[in-house]
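Please look over the sequence and the structure shown below before reading on. The briefing that follows goes through its folds and contacts by topic.

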Amino acid sequence: MVERESAADIEADAARWVVRVDRDSENPGLRAELDAWLAGDRRRLGAYVRAEAAWTHMDRASVLAGGEATRDVGTTMIRRRRLVAGFGALAAGLAAAMVAPRLLARRYDTALGEIRRVPMSDGSVAAINTDSKLEIAMRPRLRAVKLERGEAWFAVAKDPERPFVVESGPVRVRAVGTAFSVRKREGGSDVLVTEGVVEVWTRDGEGAPRRVAAGQRLFAKNDGGAPASPMADADLGRKLAWRDGQIVLDGQTLAEAAAEFNRYNDRKIVVADPRLADQRFVGWFRTNDPEGFAEAAATTFNGQVSLGGETIVLRGG
Amino acid sequence: MSEGRARVVAWLGREILPHEASVRAWLRRSFAAAGDVDDILQETYCRLAALTNIDHIDQPRGYFFQAARSVALEQIRRARVVRIETVSEIEALDLALEDPSAERIVSGRRELERVKGLIAALPDRCRRIFEMRKIEGVPQREIARRLGVTEHVVENEAVRGLRAILAAMTEQDAPARSHGTRDREGGEKTDGRTRKRR
């Protein structure tokens, strides 16, 4: 979880934004940056408008001075108005609480062990797995998701006018109406497709996007090299069991299973015996029940479990 | 739309900011246990920013109190542990509204004098920059050229000045906070009046 930003920090940043906008109001890049900043926290818009109100209020000083200065102030006012025209809508959207307006990017963080379902304004649904971070922006011609960490599964509502694109590092996954998951890993991203077809490419990579169809899996490397072919994966349902808070094991080694549980829990499973680590196991567990898994594995393989404060150690018998 | 928004921003500066000190004081009194008063205020401004029309608001001060109250109540309801007293205290809004000593809004010529006074109270270079920008209407780039400093310096000074002015408009003890430093200690303002939250 991201630490909550203090109101004082927001206040300081807001003042800086107001001054930056005053200096460079024609700059579209600045506008985009400001939008992104504002979208990060409701309080930011509040702090921004507060600082802006004080800043604008100071314009009244020019009334006392009069003369040609007034005209100059007038034009900067108009320019600033044009720049901030969109904020009214943004503010209205924010205040209407959770009716995602088009411009608004929403960020989602899940804590360790947390699994979250997020309905989107277009009818799509995201399921966000443990310890993940993503941003969803519903734009007029693009539904843009940025997966910064972790894993998420998307059931995408059909809308050919508005492609749905997931950005995971340099890897891109594009869908029109389909269901798929993306997991950001070291060196690349795992794409699993449960319905329809998606296209996968890498930002700087060469060659045409690769199509991945329902029931297939593709690991897209960050460097774009050696385009892997999508592989049929009969195992998708099992791999996506996390959406229901479950871990399904079907012949995985205890080491793999332990790694899977450790994605969800502070208390980590350590398989201390190498022979045990290679044993294969079948079972169906809650993601938040590593103890239950360890007990079951120990019983099956004649091992022993010692529960520590932060670890669950699995040893041979 | 943009015209409307400019009006709302002007209205906030004229009719709302001057009451922030009383709203803040009231929130601190009746809401000390439940959350960060500055969070509540920012959230409240966020809602006020959503206004597209302000013509129907006869009593900006009362409106500000009501908006802050509804944000505060929501935060209490969201919090897991709710102290009954907190809710009943915060309901006592009428009392705070009637507090005549908090009535600090001034009008017309005096208000303009006050704005000039706020600028005049800034540290030297900061004040000069505000005068050029706000009274003479000189763009920041040109200010930097005239003062022989980088635009970045102008930006920093303007930010510092804006924060000091905001503090002066919304609190009585502005000088304590006019140094442009962030209050990092647990987000508490170091104005010596802040009640410790429980």
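Is the crossing of H1(A) and H10(B) left-handed or right-handed? The crossing of H1(A) and H10(B) is right-handed, where a crossing counts as left-handed if the near helix is turned anticlockwise from the far one by less than a right angle, and as right-handed if clockwise. The model is predicted, and local features need pLDDT of at least 70, side-chain atom pairs count only at pLDDT 80 or more, and totals for chains, interfaces and linings use all residues. Residues are numbered from 1 along each chain as its sequence is written, while chains are lettered from A and ligands numbered from 1 in the order in which they are written.

**Chain A overall**

- Chain A contains 10 helices and 19 strands, these being DSSP runs numbered from the N terminus, with helices (H or I) of at least four residues and strands (E) of at least two.
- Of the 317 residues of chain A, 37% count as buried, a residue being buried if 20 or more other C-beta atoms, placed from the backbone, lie within 10 Å of its own, exposed if 12 or fewer do, and partly exposed in between.
- Among contacts in chain A between residues at least 6 apart in sequence, 44% join residues at least 24 apart, a contact meaning that the C-beta atoms, placed from the backbone, lie within 7 Å.

- The axes of helix H1 (residues 7-23) of chain A and helix H10 (residues 151-170) of chain B come within 9 Å and cross at roughly 130°, with axes fitted to C-alpha atoms, for helices over the stretch in contact, and angles running from 0 to 180 degrees between N-to-C directions.
- H1(A) is therefore oblique to H10(B), given that angles under 35 degrees count as roughly parallel, over 145 as roughly antiparallel, 65 to 115 as roughly perpendicular and the rest as oblique.
- Residues of H1(A) including A:Ala12, A:Val19 and A:Arg23 take part in the meeting with H10(B), whose residues there include B:Glu151, B:Val159 and B:Arg163.

- Another open sheet has 3 strands in the order E16-E19-E18 (chain A), and its pairing is mixed.
- E16(A) pairs with strand E19 (residues 311-315) of chain A in the parallel sense over 4 bridges, and A:Lys268 has A:Thr311 in E19(A) as its bridge partner.
- Helix H10 (residues 290-301) of chain A packs on the sheet, touching E16, E18 and E19 of chain A, and its direction makes about 10° with that of E19(A).

**Strand E11 and its partners**

- Strand E8 (residues 171-175) of chain A pairs with E11(A) in the antiparallel sense over 5 bridges, and A:Arg172 stands opposite A:Trp201 in E11(A).

Technical notes. Contact = placed C-beta atoms within 7 Å. Pairing = 2+ DSSP bridges.
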